[in-house]
Amino acid sequence: MPYAAITGWGQALPERVLTNVDLEKMIDTSDEWIFSRTGIRERRVVGRDETTTSLATAAARQALARAGRTPDEIDLIVVGTATPDDFLVSQSCLVQGELGGNAGAFDVGAACAGFVTALSAGTQFVTSGVYRRALVIGVDTLTRYVDYTDRSTCVLFGDGAGAVVIEATEEPRGLLSTVLGADGAGHKHLFVPGWGALVPESAELFPEYRPYLQMNGKEVFRFAVGVMGDAAVDAVKRAGLCFDDVDMLIPHQANLRIIDAAARQLELPREKVWVNIDRYGNTSAASVPIAICEAAEAGRLKEGDNVVLVAFGAGLAWAAGVVRWGTAGVAERADQYDETATR
Ligand SMILES: CC(C)(COP(=O)(O)OP(=O)(O)OC[C@H]1O[C@@H](n2cnc3c(N)ncnc32)[C@H](O)[C@@H]1OP(=O)(O)O)[C@@H](O)C(=O)NCCC(=O)NCCS
C-alpha cells in the first residue's frame with residue numbers, strides 16, 4: 001500500500017465576519033494598513049456557541065460525505081491544532097466522540113504547520129499498511145487567545161477548520177513527499193506566555209492574568225520568507241519532480257507578501273497559487289485544508305495534478321509536501337485489503 005490518496009475534503013468557518021472596517025472602530029488601524037501589509041480584508045471569528053470541536057466535526061462530516069465513508073470505516077483520526085477545547089483530552093478524541101466509531105485518535109502540535117504535519121503523520125500509517133483510512137483535520141480558534149487591544153496581532157488571525165479523508169491506493173496519489181523542519185530557538189518570537197503547564201510569574205503577581213498570543217512580527221516574517229520557499233522547493237525535489245510539474249501551490253495563508261515570496265522561488269505565476277487570505281486571514285492549522293477544499297470545489301484540482309502544500313508557524317516550525325491529487329486505484333485496493341494483516 002505505498003500511497004494514501006485524498007478521497008474527501010471539507011471545511012467549516014464561523015458565522016461572524018470581522019472586517020478591517022470593524023477593526024478600525026476597535027483599535028488604531030486602517031483597512032489600508034492591514035490590506036497593504038498582509039492582504040487581509042476580513043476574517044471569521046468564533047461566537048460563544050462555536051468551538052474547536054464544532055468546527056472540526058463539521059469539516060470532518062463534509063470530508064466523510066465526499067469520500068462516501070462512515071465514521072466506522074475510519075481507522076485513525078489525526079488533528080493538527082494549537083487550540084484544543086481541552087488540554088487533557090485530545091482534540092481528535094473530542095471529534096471522534098461527536099462522529100462515533102472507535103478510530104485511533106491523536107493530535108499533532110505544530111501550530112500553523114499542524115495540518116501538513118498531521119497529513120504527513122496520517123499518511124505514514126496508511127502507506128505503511130498499518131491502517132487503510134484516516135481522517136486528517138486542521139483546526140484552530142486562535143481568536144480566543146488574541147488580545148483585541150494589540151493591533152500588531154489582532155488584525156491577523158481568524159478561525160476555521162478543514163479536513164481530508166485519506167485512503168490506501170497503489171497508484172501514486174496523495175502525499176508523495178514530506179519536508180518537516182523546526183527552529184525551536186526562535187520559539188519566543190510567536191507564543192502564548194502562561195498558556196501551558198509552565199506557571200508564569202504573572203500568575204502570582206496578577207491572578208486575573210489571561211494568556212494572549214505574543215509575536216515579534218518582523219522576526220516571524222523574516223523566518224517565514226526564509227523557510228517557505230526553501231521547504232516548497234525541497235518538497236518538489238523529494239517528490240522527484242521539477243517546477244514545471246507543479247500545477248498548484250497551496251500555501252499557509254499568513255501574509256500575502258510571504259506567499260508571493262514562496263511562489264517566486266517556485267517560479268509560479270499567481271494563477272497557480274491559491275490565495276484566500278483576503279477573506280479568512282490566518283486561520284492557523286486550518287488555512288491549508290480550507291484552501292484545498294476551496295480549490296477542489298472550484299474545480300481547480302484535477303486527477304493527477306501535483307499540488308505543493310507549505311506551512312510555517314509557532315515553534316518555529318515548518319512543513320511542506322507534494323500531493324498528487326485524485327483517487328486512482330482507491331476502490332480496487334479497498335476490496336483487496338487484508339483486514340487481518342495488521343490489526
Ligand atoms: C505583522 C506584520 C504584518 C507587520 O508588517 P511590517 O511590514 O513588519 O510592519 P511595518 O514595519 O511596515 O510597520 C510597523 C509599524 O506599524 C505599526 N502597526 C502594527 N500593527 C498595526 C496595525 N494593525 N495598524 C496600523 N499600524 C500598525 C507598528 O506599531 C509599527 O509602528 P512604528 O514603526 O511606529 O513602531 C508583518 O511583520 C508580518 O506579517 N509578520 C509575520 C506575522 C505572521 O505571519 N504571524 C503568524 C505566523 S503563523
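Biologist: Which residue has a polar backbone atom 2.9 Å from a nitrogen atom of the ligand?

Modeller: That residue is R151. This is a predicted model, in which local features need pLDDT of at least 70 and side-chain atom pairs count only at pLDDT 80 or more, while totals for chains, interfaces and linings use all residues. Residues are numbered from 1 along each chain as its sequence is written, and side-chain values use heavy atoms, with hydrogens and water left out.

Biologist: How much of the ligand's accessible area does the protein cover?

Modeller: The cover is 73% of the 980 Å² that the ligand has on its own, with areas from the Shrake-Rupley method and a 1.4 Å probe; for residues, only the protein chains shown count as cover.

Biologist: Which elements give two or more residues to the shell around the ligand?

Modeller: They are α2 (31-38), α6 (151-154), α8 (217-238) and β12 (306-313). Helices (H or I, at least four residues) and strands (E, at least two) are DSSP runs, numbered from the N terminus. α8 contributes the most, with four residues.

Biologist: What makes a residue count as near the ligand, and which come nearest?

Modeller: One of its heavy atoms must lie within 4 Å. There are 22 residues around the ligand, and T29, R37, R151, K218 and N255 come nearest.

Biologist: How do the classes divide in that shell?

Modeller: Nine are nonpolar, eight polar and five charged. Nonpolar here means Ala, Val, Leu, Ile, Met, Phe, Trp, Tyr, Cys and Pro; charged means Asp, Glu, Lys and Arg; the others, Gly among them, are polar.

Biologist: T29 is in the loop between α1 (20-26) and α2. Why is T29 called buried?

Modeller: Buried means under 20% relative accessible area, exposed over 50%, and partly exposed in between (1.4 Å probe, protein chains only). T29 has 18% relative accessibility, so it counts as buried. Not counting residues up to four places away in sequence, T29 touches L23, E24, I34 and V155, where contact means heavy atoms within 4.5 Å.

Biologist: What does the side chain of N255 reach at the start of α9?

Modeller: A side-chain oxygen of N255 comes to within 2.8 Å of the backbone nitrogen of R257.

Biologist: Which residues of α9 (residues 256-265) are buried, and what do they pack against?

Modeller: L256, I258, I259, A261, A262 and A263 are the buried ones. They pack against α2, α8, β11 (248-251), α10 (277-280) and β12.

Biologist: Why is L256 called buried?

Modeller: Its relative accessibility is 18%, which is under the 20% limit, so L256 counts as buried. Leaving aside neighbours within four places in sequence, L256 contacts T38, G39, R270, V275 and I277.

Biologist: Why is T143 called buried, and which side chain does it contact?

Modeller: T143 has 7% relative accessibility, so it counts as buried. It sits in the loop between β6 (133-140) and α6. Its side chain makes a polar contact of 2.5 Å with the side chain of D159.

Biologist: What is the backbone phi of S284, and why is S284 called buried?

Modeller: Phi is near 60°, a positive value in a residue other than glycine. The relative accessibility of S284 is 2%, so S284 counts as buried. This residue lies in the loop between α10 and α11 (287-297).

Biologist: Which residues does the cis peptide bond join?

Modeller: It joins G315 and L316, with omega about -10°. L316 is in the loop between β12 and β13 (317-324).

Biologist: How confident is the predictor in the chain, and where is the pLDDT below 50?

Modeller: pLDDT is the predictor's confidence in each residue, from 0 to 100. The chain has a mean of 93, and 93% of its residues reach 70 or more. Over residues 333-343 the value is below 50, and this stretch has 19 contacts in the model beyond near neighbours in sequence. Where pLDDT is low, the predicted coordinates should not be read in detail.

Key: A polar contact is a pair of N or O atoms within 3.5 Å; within protein, one must be able to donate a hydrogen and the other to accept it, and residues adjacent in sequence count only if both atoms are side-chain atoms.
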